[in-house]
Amino acid sequence: MHENTQTEFTESRFWDKLTKHARRAGVAVVEKALQLFYALQAPRTPTWAKTTIIGALAYFIWPVDAIPDFIPVAGYTDDLTALIMALGTVAMYVTDDVKR
């Protein structure tokens, strides 16, 4: 595996994308991305759930999307869909502590 490839999830790439694009992405995308990110950090989240979370967050930070992020209104719908699907899969690990 190549270190820090364009598709690899890293915490720094996550925060970079989030801080630069939060306004354009919208509250729903940011909220779900943060819930997944903090569930990933939680020690009680099992490996299988972390793998799902990393996949969704990697898609979020990936510069090549099914719907390019720069397209007004629709640009983040594919990211939102990926985040929602991941949240549905790992919902039991998005605890009140994670949400806070």
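Student: What does Thr45 touch, leaving out residues up to four places away in sequence?
Tutor: Its contacts are Ala39, Lys50, Ile53 and Tyr93. Bear in mind that this is a predicted model.

Student: Okay, and where does Thr45 sit?
Tutor: You'll find Thr45 in the loop between α2 and α3.

Student: Is Thr45 buried or exposed there?
Tutor: Thr45 counts as buried because its relative accessible area is 5%, and the cut-off for buried is under 20%.

Student: Which backbone atom lies 2.6 Å from a polar atom of the Thr45 side chain?
Tutor: That's the backbone oxygen of Ala39.

Student: Where does α1 bend?
Tutor: At Thr19, by about 45°. And just after α1, Gly26 has a positive phi of about 95°.

Student: Which residues of α1 are buried, and what covers them?
Tutor: Arg13, Phe14, Lys17, Leu18 and Ala25 are buried. Their cover includes α2 (27-41) and α3 (47-61).

Student: What span does α3 reach?
Tutor: With 15 residues, α3 runs 21 Å from first C-alpha to last, close to the 21 Å expected.

Student: And what do the buried residues of α3 pack against?
Tutor: They pack against α1, α2 and α4 (77-90). The buried set is Ala49, Ile53, Ala56, Leu57, Ala58, Phe60 and Ile61.

How values were computed. Residues are numbered from 1 along each chain as its sequence is written. This is a predicted model: local features need pLDDT of at least 70, side-chain atom pairs count only at pLDDT 80 or more; totals for chains, interfaces and linings use all residues. Side-chain values use heavy atoms; hydrogens and water are left out. The bend at a residue is the angle between axes fitted to the seven residues ending there and the seven starting there. Helices (H or I, at least four residues) and strands (E, at least two) are DSSP runs, numbered from the N terminus. Buried means under 20% relative accessible area, exposed over 50%, partly exposed in between (1.4 Å probe, protein chains only). Contact means heavy atoms within 4.5 Å. A polar contact is a pair of N or O atoms within 3.5 Å; within protein, one must be able to donate a hydrogen and the other to accept it, and residues adjacent in sequence count only if both atoms are side-chain atoms. The expected span of a helix is 1.5 Å times one less than its number of residues.
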